[in-house]
Amino acid sequence: MSAAAPLDVAAVRARFPALRRNEQVFLDAPAGTQVPDAVIEAVAGYLRESNANLGGAFGTSRRSDELVGHARTTAARFLGCTAEEVVFGANSTTLNFHLSRTAGRDFLPGDEIVCTRLDHDANIAPWLELAHDRGLTVRVADFRDDGSLDLDDLARLIGPRTRVVACTWASNALGTVNDVARVAALAHAAGALAWIDAVHWAPHGPIDVAAIGADVLLCSPYKFYGPHLGLAFVRAALLGGWRPYKVRPSDPFPLGHRHETGTAAHELLAGFVAAVEHIEGLGWPAIQAQERALGERFLAGLPPNTRLHGLPAMEGRVATFCVSVDGVAPAEAARRLAEKGFAVWDGDFYAHEVMPRLGLPDGAVRIGFVHYNTRDEVDGVLAALAGLE
Ligand SMILES: Cc1ncc(COP(=O)(O)O)c(C=O)c1O
């Protein structure tokens with residue numbers, strides 16, 4: 001357990017206009033979090049004061065250059081990499097299609113990609129499409145009935161033709177946290193790249209790409225209190241070696257910029273910086289202690305008319321919960337929870353392989369807690385779940 005000073009949740013909530021409105025209880029964070037005033041101000045401030053394209057001799061353009069540089073160093077700090085290893089994009093899915101196509105330019109027919117059944121389709125479909133185009137084989141590692149990744153199955157599927165092992169750090173459906181350092185070690189032992197989807201992990205804990213041994217890692221700032229944007233780390237040696245899909249006049253440096261097409265959403269980069277500063281200001285230990293306490297409370301109070309899919313305690317998971325309600329279809333449960341003021345999602349959450357594996361053709365209900373949620377909100381949704389029949 002972390003010894004962090006408890007988070008002043010009321011003070012944190014006061015920073016978020018959406019939470020100040022008291023319109024609904026936001027348990028939809030796995031699909032995107034709310035943003036603090038500082039992020040909104042940063043986006044608006046850029047547009048008011050610095051709006052321009054890059055590389056000009058005049059003030060607004062110079063300030064834009066500075067902002068993009070600042071966004072790169074902020075991302076580098078957030079991910080544990082160098083600023084040149086940062087690639088910004090529209091969202092993780094777009095970045096993953098782009099980077100996988102780039103990486104795959106020299107893959108040969110018969111080469112193999114290993115994915116996992118726990119992954120969001122954003123880290124499977126790009127490989128299926130690449131496989132279609134280049135005659136590759138995609139193998140998909142299973143997860144166990146408790147929602148944990150079957151590392152033995154993953155290890156079995158990796159072989160001499162494996163070029164990439166693509167794995168999510170945390171499941172956006174079940175909340176499982178995978179041992180991605182182990183996954184990366186297995187990939188590297190076979191000479192393959194470790195391609196990590198950190199989209200669902202990023203709001204819940206620190207990232208150090210060197211410590212886990214990632215070659216590529218993706219995340220999405222709109223899942224961690226920032227604007228709608230995608231962000232990737234790619235190891236410098238890869239960035240330098242890959243032939244980029246880029247227009248010829250575009251600057252080949254910093255390295256990551258080779259893989260950014262067109263004009264970036266500068267205002268969103270400003271918001272991204274403010275989102276990282278929000279997290280840094282609170283500190284991960286305090287955030288994690290708060291989320292763990294909420295998760296434990298939720299698990300302890302789950303009513304008997306619900307069935308949890310995934311790990312039954314907070315060890316090995318984040319506070320994202322996938323539940324079925326006896327006799328109530330997931331879409332109906334989400335609708336009735338919305339009527340009572342709780343924003344939750346239902347379906348498969350694009351974790352396309354998870355629900356068939358669990359035998360849930362209509363998916364399930366997903367309830368996600370982040371640091372701005374409260375104990376009262378946990379109790380409220382538990383009571384609302386108990387009232388569904
Ligand atoms: C685990 C995971 N990976 C990838 C994605 C796709 O992210 P984006 O919306 O930035 O493309 C999501 C979005 O929900 C996700 O949860």
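Is Leu382 buried, partly exposed or exposed? I began my notebook with this residue. I counted 18 C-beta neighbours inside 10 Å, so Leu382 is partly exposed. A buried residue would need 20 or more. I kept in mind throughout that this is a predicted model.

**Leu382 and its surroundings**

I placed Leu382 on the chain next. Leu382 sits in helix α15, which covers residues 375-386. I then listed its contacts, leaving out residues up to four places away in sequence. Leu382 touches Phe298, Gly301, Leu302 and Pro303. I also checked a distance to Val183. Val183 and Leu382 are 199 residues apart along the chain, and their C-alpha atoms are separated by 35 Å.

**The chain as a whole**

I stepped back to the overall fold. I found 15 helices and 13 strands in the chain. The radius of gyration is 21 Å, close to the 21 Å that the globule rule gives for 389 residues, so the chain is as compact as a globular protein of that length. Along the principal axes, the C-alpha atoms fill a box of roughly 60 × 55 × 40 Å. I noted that buried residues make up 49% of the 389 residues. I then turned to contacts between residues at least 6 apart in sequence. Of these, 69% join residues at least 24 apart.

**The ligand shell**

I looked up what lies around the ligand. The ligand is surrounded by 14 residues. The closest are Asn91, Thr93, His120, Asn172 and Ser220. I sorted the shell by class: nine residues are polar, four are nonpolar and one is charged.

**Helices α5 and α6**

Helix α5 spans residues 92-103, and helix α6 spans residues 125-134. Their axes are 9 Å apart and the packing angle is about 35°. The crossing of α5 past α6 is right-handed. I wrote down the residues that meet. From α5 they are Asn96, Phe97, Ser100 and Arg101. From α6 they are Pro126, Trp127 and Leu130. By class, this contact has four nonpolar, two polar and one charged residues.

**Loops and backbone details**

I went through the loops. Asp146 lies between β4 (137-141) and α7 (151-157). Which is Asp146, buried or exposed? I found 12 other C-beta atoms within 10 Å, so Asp146 is exposed. Exposed means 12 or fewer.

I looked for a cis peptide bond and found one from Phe253 to Pro254, with omega near -5°. Pro254 belongs to the loop between α10 (236-241) and α11 (266-282).

I then noted two positive phi values outside glycine. Asn22 has a phi of about 55°. Its loop runs between α2 (17-20) and β1 (25-26). Asn22 has 9 other C-beta atoms within 10 Å, so I logged Asn22 as exposed.

Tyr225 has a positive phi of about 75°. Its loop lies between β7 (216-219) and β8 (230-234). Where Asn22 is exposed, Tyr225 is buried, because 28 C-beta neighbours lie inside 10 Å.

Methods
Residues numbered from 1 in each chain as written. Predicted model: local features only at pLDDT ≥ 70, side-chain atom pairs only at ≥ 80, totals over all residues. Helix = DSSP H or I, 4+ residues; strand = E, 2+ residues; numbered from the N terminus. Rg over C-alpha atoms; globule rule 2.2 N^0.38 Å. Contact = placed C-beta atoms within 7 Å. Near = placed C-beta within 6 Å. Nonpolar A, V, L, I, M, F, W, Y, C, P; charged D, E, K, R; others polar. Axes fitted to C-alpha atoms, helices over the stretch in contact; angles between N-to-C directions. Left-handed = near helix turned anticlockwise from the far one by under 90°.
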